[in-house]
Amino acid sequence: MDEKVPLEQKTEQSSKTIEALYREERRFEPSPAFRHHAVVSDPSIYEKAAADPEGFWAEQAEHLHWYKKWEQVRKWDPPWAQWFVGGKLNVSYNCLDRHVETWRRNKAAIIWEGEPGEERVLTYGDLYREVNKFANVLKHLGVRRGDRVAIYLPMIPELPIAMLACARLGALHTVVFGGFSPESLRGRINDAEAKVLITSDGGYRRGTVVPLKQNADEAVKECPSIRDVVVVRRVGEAAKIHFQEGRDHWWHTLMKDAALYCPPEEMDAEDPLYTLYTSGTTAKPKGILHTTGGYLVGVAATHRWVFDIREEDVYWCTADIGWVTGHSYIVYGPLANGTTSLMYEGSPDWPAKDRFWQIIEKYRVTILYTAPTAIRSFMGWGDQFPAQHDLTSLRLLGTVGEPINPEAWMWYHDHIGGKRCPIVDTWWQTETGMILISPLPGLTTTKPGSATRPLPGIEADIVDEQGQSVPLGGGGYLVLKGPWPAMLRTIYKDPDRYVSTYFGRYGPKVYFTGDGAKRDTEGYFWLMGRVDDVMNVSGHRISTTEVESALVNHPSVAEAAVIGKAHSIKGQAISAFVTLRAGVATSKEKVDELKRHVQEKIGALARPEDIFFTAELPKTRSGKIMRRLLRDVAEGRALGDTTTLADPAVVARLREQYGEESGA
């Protein structure tokens, strides 16, 4: 972020420019039937939480099992927080044991669909047995309370089993996304000083084998802390792996003789549960540390409220467990609530572009939680794909990962939700651990593109450069002005970086999110993305989200990514990478038409200098567009780290195309 430019200039799109995007007249109220049956239907929940936050969160904590109740709900010594001080619990017990003691023993916990079409269903009883056995496997390998275990697996049931086994023992897990390179894996293992690595011979991605074991072998050559590597047989002979005797062990061999029960450790509420590393563009990744009690209270409560969870639901969060969304809303939140979760290994367009809709129809999914980037891709492929399937089982839709533009919101509402499903657009971060801003589907009137309001018990604000609240209708920086249960406790082994990164801007009591936001005249929050995703064009600060939304508003456009590239006169010029909808032809006339459209929607200052048409945008496997790589392409720089991309070849094709079209 450019510290030299005052906020007044940073938001100098002016009220007219801001309102071009955020003057949204459409309103969607919960239906009377949905409101009547909603998990949260009493609007006084907000006032109760604000009047007595400690009592409010204590009430949420009562939904969990505690070996010993807390002595103090919250201890806030800014910027250091503790929750449920003195309380004792175990996350694995809360996700499994207490359910298998009831009729839920035979309820499906995880419905798994493999990319090539395999199926597995694990009941809570099945999952309980597998987790206990694998916890004993880890014990046999010398893993003890406080040790670290690295997990590098595809989206298969062994991944949540391994996580829950670590939680049962009180060992910290570090899940490393299966798309990361050996170098990235090595750095995370070494920072965590993990004793054991859990991986698989390979995984499947779009019909090809991902060589996870080969990557792991390359990584652990320089990981002195690793003593043992546990390998899941996923692919078989096609993986062509090397097996090092003494170090490498087959998962199925170790599990064959493992005891059926492992007593859960009684963990302190503030004992660490896991670290999860967030990537940095230049600095080394940050090991975000989440603890036990507050984290589980936060994710269980928000999962229950936001997704209106009922016993009969089949809930599908499409994220990868390698990211925090998968930790909080595939594993810990849903299982703590006794929910049936769908887990899918593959991509949304393989073997065909109707894969998601086929899965929803097959399993009668009731709740879908996915990324705006994916929704825009679905739009681009065409309405005919969801139309081929029966999606009437759906009753609630959610979005996560980045701001959603109103057009994508409306397409999701109309074509996936059948104009009947509430949409919960959620804002949160790896660091927050839990959703913080979102509609409550039985209470909140929604607006396409807005995450609406902070959840009960969350004190969010939008401030200017000096940290003063901006009035309604204004924009600025999104901050959090009080602790929340699932917040990160520190950056692993780097407390000074924790303080400077999150509490260094406005003092120890105010958490700086790094996101820009606007609050409209009704108090609704509109997220504008990362502050560093702001372009400085001839002294005007323009949000990439704003221009992208204007482009996607055009009926020809399925998806757009906007970056600012260096310009000798303007400082930065706007370059847009656009994917057109199926059947729309590229032409110079279409370029001019889209430039005019942006100018009409926002103003001349936002008119793109360049528009490049591309069949695909570079995305991570979790669906986020890598704008950093687009800047590298646009400015002719060497590409940064591409290991998280779903298809690295996309960037190479863009670079070749960009050079041809720009004359570079």
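User: Which hand does the crossing of helix 7 and helix 8 have?
Analyst: The crossing of helix 7 and helix 8 is right-handed; a crossing is right-handed if the near helix is turned clockwise from the far one by less than a right angle, and left-handed if anticlockwise. Helices here are DSSP runs (H or I, at least four residues), and strands are E runs of at least two, numbered from the N terminus. This is a predicted model, in which local features need pLDDT of at least 70, side-chain atom pairs count only at pLDDT 80 or more, and totals for chains, interfaces and linings use all residues. Residues are numbered from 1 along each chain as its sequence is written, and side-chain values use heavy atoms, with hydrogens and water left out.

User: At what angle do helix 7 and helix 8 pack?
Analyst: The angle is about 65°, and the axes are 8 Å apart. Axes are lines fitted to C-alpha atoms, for helices over the stretch in contact, and angles run from 0 to 180 degrees between N-to-C directions.

User: Which residues of helix 7 meet helix 8?
Analyst: Among them are Leu-127, Val-131, Phe-134 and Leu-138, which meet residues of helix 8 including Ile-161, Leu-164 and Leu-169. Contact means heavy atoms within 4.5 Å.

User: Now helix 6: how many of its residues are buried?
Analyst: Nine of the 10 are buried, so helix 6 is largely enclosed by the rest of the structure. Buried means under 20% relative accessible area, exposed over 50%, and partly exposed in between (1.4 Å probe, protein chains only).

User: What do those buried residues pack against?
Analyst: Their partners are strand 3 (88-89), helix 7, helix 8, strand 14 (272-278), helix 12 (293-306) and helix 13 (324-336). With helix 7 (residues 124-140), helix 6 (residues 91-100) packs at an angle of about 130°, with axes 9 Å apart. Helix 6 passes helix 7 in a left-handed crossing.

User: How many residues does the largest nonpolar core have?
Analyst: It has 120 residues, and Trp-57, Leu-127 and Phe-134 are among those with the most contacts inside it. A nonpolar core is a set of buried Ala, Val, Leu, Ile, Met, Phe, Trp, Tyr and Cys residues joined through side-chain atoms within 4.5 Å. Helix 8 (residues 158-169) gives the most to this core, with nine residues.
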